Amino acid sequence: MPRVPASSQRQSQGRRRRPREVVDAGGSSNSDDGDFEVNGTQATSQSQTQSLMQADKAAAKLTPELIERKVGELVQYLLIMEQRKIPVRRGDITKNVLKEYRNILPHVLERAKRKLKLAFGFEVIELLHKTGRSTTKMYILLNKIDAEKQGHFIDSSRDDPKVGLLITVLSIIFMSGGTVTEPVLWHTLKKLGIRQDEKNHEVFGDVKKLLTSEFASKQMYLDYTRIPNTDPPAYQFKWGLRAQTECTKRRVLEFVCKMYGNDMDMKTWKEQYREVLQSENADHGDDDSVSSNGDMQSDDSEESD
């Protein structure tokens, strides 16, 4: 894989930390589609607490068997949607799972969160999707797997060409200092035979749509955003929420070394290797939650299902 000149793309990042509670979950390139922000688990507002208390009271009036069934149905529903990498709207849960029992949603959701974490290793992340003045709550699952299992995500690129393309893009971003402008990314991919204007690629179909829609705004492996104060508009790519959680910088750098072959040592890439060590040290630190963009959002914003 051709190397992107680090000097032309590198931006100061300091000690970047992998997300714990709050992470920027970049939205799509089209500002009309709205923005995603992560609702931090430590930002539980008074209205959230009251809503949960009301749901607990409503749940107490129903049979334990009914509650347990709804919890199981919600767990199954979230797992199915996770396989498709599609965020779940709060309204989807009401419509497809709870139905006439919508008033117990906070109670059922809390129990489903615990079951998903204990049984499957998934953490439920709440997103706030803002479109104009309205805000829709959405949920995704992030797999809190250990470093050894994280390698499976990258290793699967051998069997799935789309995953291979995604890992290649994540590698370019990492080797470019964490951010790469759209023209530089497409210039690099062109050297690999992948063109921005290709609409009917035999494997990837519409390549630009795959990167900016499926990988970015839908699956959140990429963060595709407009660069502020650019006219005409210019865009850049960063790692998205899922990539920050499901990939390690070490595995990505190992992937880059394998692409170059000849048993290349990771230490050849001095700045990137330093970044790997810093991120691993940060993972074992005791720092509080980190927000890479904006403040933590509370739950008392206007919502539209």
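The protein has 12 helices and 7 strands. These are DSSP runs, numbered from the N terminus: helices are H or I with at least four residues, strands are E with at least two. This is a predicted model, where local features need pLDDT of at least 70, side-chain atom pairs count only at pLDDT 80 or more, and totals for chains, interfaces and linings use all residues. Residues are numbered from 1 along each chain as its sequence is written, and side-chain values use heavy atoms, with hydrogens and water left out.

**Overall**

- Of the 305 residues in the protein, 48% are buried. Buried means under 20% relative accessible area, exposed over 50%, and partly exposed in between, with a 1.4 Å probe and protein chains only.
- The protein's accessible surface is about 16,100 Å². Carbon and sulfur atoms hold 46% of that surface. The areas come from the Shrake-Rupley method with a 1.4 Å probe; for residues, only the protein chains shown count as cover.
- Contact means heavy atoms within 4.5 Å. Take the contacts between residues at least 6 apart in sequence: 67% of them join residues at least 24 apart.

**Thr212**

- Thr212 sits in helix H9, which spans residues 207-218.
- Thr212 counts as buried because its relative accessibility is 11%.
- Its side chain reaches the backbone oxygen of Lys208 at 2.8 Å. A polar contact is a pair of N or O atoms within 3.5 Å; within protein, one must be able to donate a hydrogen and the other to accept it, and residues adjacent in sequence count only if both atoms are side-chain atoms.
- Leaving aside neighbours within four places in sequence, Thr212 is in contact with Ser217, Tyr224 and Phe237.

**Aromatic rings**

- Rings of Phe, Tyr and Trp (its six-membered ring) pair if their centres lie within 6.5 Å; planes under 30 degrees apart count as stacked, over 60 as edge-to-face and the rest as tilted.
- By this rule there are 4 aromatic pairs. One of them joins Tyr260 and Trp269, a tilted pair at 5.4 Å centre to centre with 55° between the planes.
- Tyr260 is partly exposed because its relative accessibility is 29%. Trp269 is buried, at 5%.
- Tyr224, Tyr235 and Phe237 are linked into a cluster by ring pairs. Tyr224 and Phe237 also contact Thr212.

**Cysteines**

- The structure holds 0 disulfides. A disulfide is a pair of cysteine sulfur atoms within 2.5 Å.
- Cys247 has a relative accessible area of 1%, so it is buried.
- Cys257 counts as buried too, at 5% relative accessibility.
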